[in-house]
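This briefing is for a reader who has not seen the structure before. Please look at the sequence and the model first.

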Amino acid sequence: MGNPAGTEPYGDGPAEPADLVDHHCHGVARGPLDEAGFLSYLTESDAPAADGTTFFDSQLGFAVRRWCPPLLGLPAHCAPAAYLARRAELGEEETGRRLLRATGITDYVVDTGLADGLTTPEELAAAGGGRAHEIVRLETLAERAAEKAGSSGEFLGGLQEAVHGAARAAVGFKSVAAYRHGLDFDPAPPGPGELGAAVDRLLAARDAGRRLHDPVLLRHLLWTAAGTALPLQIHTGFGDPDLRLHRSDPALLTDFIKAVRPTGCPLVLLHAYPYHRNAAYLAHVFPHVYADVGLTLSYTGASAAAVLAEVLELAPFGKVMFSTDAYGLPELYVAGSRLFTRALRQLTRTWVGEGAWPAADAPRIAALIGSGNARRLYGLPAAEASA
Amino acid sequence: MGNPAGTEPYGDGPAEPADLVDHHCHGVARGPLDEAGFLSYLTESDAPAADGTTFFDSQLGFAVRRWCPPLLGLPAHCAPAAYLARRAELGEEETGRRLLRATGITDYVVDTGLADGLTTPEELAAAGGGRAHEIVRLETLAERAAEKAGSSGEFLGGLQEAVHGAARAAVGFKSVAAYRHGLDFDPAPPGPGELGAAVDRLLAARDAGRRLHDPVLLRHLLWTAAGTALPLQIHTGFGDPDLRLHRSDPALLTDFIKAVRPTGCPLVLLHAYPYHRNAAYLAHVFPHVYADVGLTLSYTGASAAAVLAEVLELAPFGKVMFSTDAYGLPELYVAGSRLFTRALRQLTRTWVGEGAWPAADAPRIAALIGSGNARRLYGLPAAEASA
Amino acid sequence: MGNPAGTEPYGDGPAEPADLVDHHCHGVARGPLDEAGFLSYLTESDAPAADGTTFFDSQLGFAVRRWCPPLLGLPAHCAPAAYLARRAELGEEETGRRLLRATGITDYVVDTGLADGLTTPEELAAAGGGRAHEIVRLETLAERAAEKAGSSGEFLGGLQEAVHGAARAAVGFKSVAAYRHGLDFDPAPPGPGELGAAVDRLLAARDAGRRLHDPVLLRHLLWTAAGTALPLQIHTGFGDPDLRLHRSDPALLTDFIKAVRPTGCPLVLLHAYPYHRNAAYLAHVFPHVYADVGLTLSYTGASAAAVLAEVLELAPFGKVMFSTDAYGLPELYVAGSRLFTRALRQLTRTWVGEGAWPAADAPRIAALIGSGNARRLYGLPAAEASA
């Protein structure tokens, strides 16, 4: 269990944190959302809730009901129907503006790999009153390169150019190899022979509209991105039903982590739950590995402090980074930032209160995890510059 | 850690829960139990405790010592010898009646696959003042069909008939494929060729008294049961030393879960510990998957709230179900129900107290997990009907 | 989370525990340590901390800063630089003496497999005012035997003699098969043919200075040690970047555990984190398996109580043993013993306070885990004898 009994000592004071870097998130849905549309973003499932159940009855659902209604003028934990009605009344744009501006996020580092019907990084940042940065999804780049390429050579050249072109504007890359294959891939860069054969297969199949899932190509993407030395985010742990959880354990990346180490490319292990202790271990033993808490804290809700404590067991505090992994709903930025801020506050207050942590260092560590580590890693300017 | 310091705010008030559905349990031992016999049910081990140690020195042992002596007129935490003497004095039947009637269980959903020397579902329910329902163990059905069959065709026909016959009276099926092989089996239904060959091997070997462990046959059983669309309970996670823990991770079922999804058969992942977060994830992303907390809460004792909180991180609250998995000892029904009820009460009080959960919804969620979800899933009548 | 809110009820009273058996530790560094040298022992990494980060910013770093400065006359949580200066002023020897004598450890059970630049068990025990015992590392024995052997027969004979000779003085053996290969090895003792071929390969390669990593030889070592019936410590779970975490899961040992059971050799699963629940399960179901908490509690620091609670979920209390796995720094004995003692005190006080544990039994269980289980298992004399 992760929660002391009794009354809440970690109240929402007037001062919510004013400087969070959300180092991994997505855009919000543009169009008006009906109830089914709203609920589809409140789960990692690809289907409606089972008969007799609702996604509102979950830690994430309760977290959204806790923090969002007051930001739209309703009481906390009001009935879902009342909240959805108020949301519809305000419209997506005004709802988004109100919710995003209450998060304390100053920098949005946006994965643009899933863009259908979502706001751009610039639109998102404008709505939230923050600054936009881009993370480029490798598989999306490759699928676009495949659409344009007439030959294996054209594909490989176009991809190389696209990755290095993206590196000039983006602050990092992202791989979803966990979804497309699993993290149990051969750690070495593919040789020219196997690579050429894999590209040929891709180009022959592309008119079928299939997604890139060949481990040879996924490895080539990872190694190409590593060549830019920009931080490389890797999806690990839970996600939607496309993945096999046990093949998303970041520990499976160990040999790749060792192999890529000489390139100097930092690796950011996203999410990782329920293997977040494994991710923290990797961040502990490898200087170029970092650990994320996004998605995980949002979904674990009332237990977020317990889960964050587990990440902080082995991960050096200079290696852990806040994110929301929010997607589609502005509510998810609120839930993610509130759950993170309060979980970290609860932990540091408890540990300082017990004497385990130095009181003077606690705010410094909190600032590292909330924004400092990400600013250092992605080379983002300090918060003041965005005001 | 799962426990707030200080005095116990989750006391046994006068009103223990009066409506629990134990959706997975077994019968109690008929004969009088000596100390060795009693202790053999207080562990998942297949051997006496190591020299110098006792199974009473465990979370389950302490839980039994906490709750059971007062129900037999002794002080809580009295010495084990005093408890066993009192138990012998009362006899198995009276002990069972007193203990079972203090659990709050109204419905016993009994796995009849292990029946040697145990009470029947009807006897159990009569002793406990509740209602009996049956879960049929697939491997037991198949082993019985093999005893009677003279040919492959007879076996397959007899099995088909047995499964569909059982489906008319039982409320669900159970598979112990985790014990017999591991959950890393081929997810597809076996083709006629491999099935026929496997049946031939079984029939040729059956006089050796061997248990069914061929993954081809285990898969055939799962798919046959799925055809009935009754809930299918699958053992996952820890158990006795027959299993290999890492091959009992429910995440290994992912491809089977996807394959069986179109049949509409609900899958109930039993126990799951220490992979209960994985089971909760599967219940989150797949509409037809449910998560159980039985066995796990009994054995983790003083930490039951911490473990239950982990299940509730990702599992939708409409998908989690109480059970005891009690087996042999009526004490295990008491420990399982008390640990569950108090853990859930501790969590919901803490979360409501912190503002994380809506106070008005907490009793509703508690009722879903304690009985409502199981009533909906297994089609059981409401509690009132049993009064 | 693992910590109740509010003030610290588990204070350092005058009476720190006076009887701990550290059943798995190493020597301390002999030479004076500069800052880089000190920091290299404060992590399992093989490299300096990433730019902009420091290993002091970790749970272990904070634990060292909490408990060690007061023992050297400085305030708790003083700045690292002040602590290192004070340490240099006192010198390694005096620092070691002061720190070790504050641990409450009466018996040091020392793995002598890593000895370069470290104190011997006798020197360590003398500095700490305790008694020395030796654990012999199997791979080190074998590598020494290979240096001396001119033939396969000489190697095997010399090894057999070395193991049985060591068994006369040592209290147990240790295997680092997890580092050298992973725990997913064939459980059976190697046959003469594969063993001979493996020895031939080893002897042919030995001038290359390579470490023993052939799974055939690692298995032979395990089985040879099992023949002595002394306790056999096996590294499981996390460690330095040489290992692959997912191949160090103790559950992978299940078939070896079953195979070795008839020999009567007790197996001690070291560390195990983040698979400590798996190790606890194995200690639960197999009478000859024991679980360690060393390294794990030191590194998880402020969360040590949460992690220890997880070990105690399934492990019988007569099977869990304290250790520090301290290596190089006397500070690690302090951190390990303080974290263990306070975590256990926090848990038992909480559980007794809630009524979950019998008050009368709690001190007995604490003594078992702190020293009694290790004394029984390794055949060590009682604490009084060392006074």
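This is a predicted model: local features need pLDDT of at least 70, side-chain atom pairs count only at pLDDT 80 or more; totals for chains, interfaces and linings use all residues.

Residues are numbered from 1 along each chain as its sequence is written, chains are lettered from A and ligands numbered from 1 in the order in which they are written, and side-chain values use heavy atoms, with hydrogens and water left out.

**Interface of chain B and chain A**

- Contact (heavy atoms within 4.5 Å) involves 45 residues of chain B and 45 residues of chain A.
- The two chains bury about 3,600 Å² between them, 55% of it on carbon and sulfur atoms; buried area is the accessible area (1.4 Å probe) that two parts lose on being put together, summed over both.
- On the side of chain B, Tyr281(B), Glu313(B) and Glu354(B) lose the most area to chain A, together 18% of what that side buries.
- Across this interface there are 19 residue pairs in polar contact, with both residues at pLDDT 80 or more. A polar contact is a pair of N or O atoms within 3.5 Å; within protein, one must be able to donate a hydrogen and the other to accept it, and residues adjacent in sequence count only if both atoms are side-chain atoms.
- The elements of chain B that give two or more residues to the side touching chain A are helices H10 (254-260), H11 (276-285), H13 (304-314), H14 (331-354) and H15 (362-378). Helices (H or I, at least four residues) and strands (E, at least two) are DSSP runs, numbered from the N terminus.
- H13(B) gives the most to this side, with seven residues.

**Sheet of chain C**

- Eight strands of chain C form an open sheet with parallel pairing, in the order S1-S2-S3-S4-S5-S6-S7-S8; two strands pair if DSSP finds at least two bridges between them.
- Strand S1 (20-25) and strand S8 (320-321) of chain C each have a single partner strand, so one side of each is left without a neighbour in the sheet.
- Strand S5 (residues 232-236) and strand S6 (residues 267-271) of chain C run parallel and are joined by five bridges.
- Within this pair, Thr236(C) stands opposite His271(C) in S6(C).

**Salt bridges**

- Over all chains the count is 75 salt bridges, each a side-chain nitrogen of Lys or Arg within 4 Å of a carboxyl oxygen of Asp or Glu.
- Between chain B and chain A there are five salt bridges.
- Arg244(A) forms a salt bridge with Asp255(B), with the closest N and O atoms 2.8 Å apart. Arg244(A) lies in the loop between strand S5 (232-236) and helix H10 (254-260) of chain A and Asp255(B) in helix H10 of chain B, so the pair joins two chains.
- Asp19(B) and Arg375(B) form a salt bridge, their closest N and O atoms being 2.6 Å apart. Asp19(B) is in the segment before strand S1 (20-25) of chain B and Arg375(B) in helix H15 of chain B, 356 residues apart.
- Asp19(B) is partly exposed, with a relative accessible area of 28%, whereas Arg375(B) is buried at 10%. Buried means under 20% relative accessible area, exposed over 50%, and partly exposed in between (1.4 Å probe, protein chains only).
- Asp107(C) forms a salt bridge with Arg375(C), the closest N and O atoms being 3.1 Å apart, and both residues are buried.
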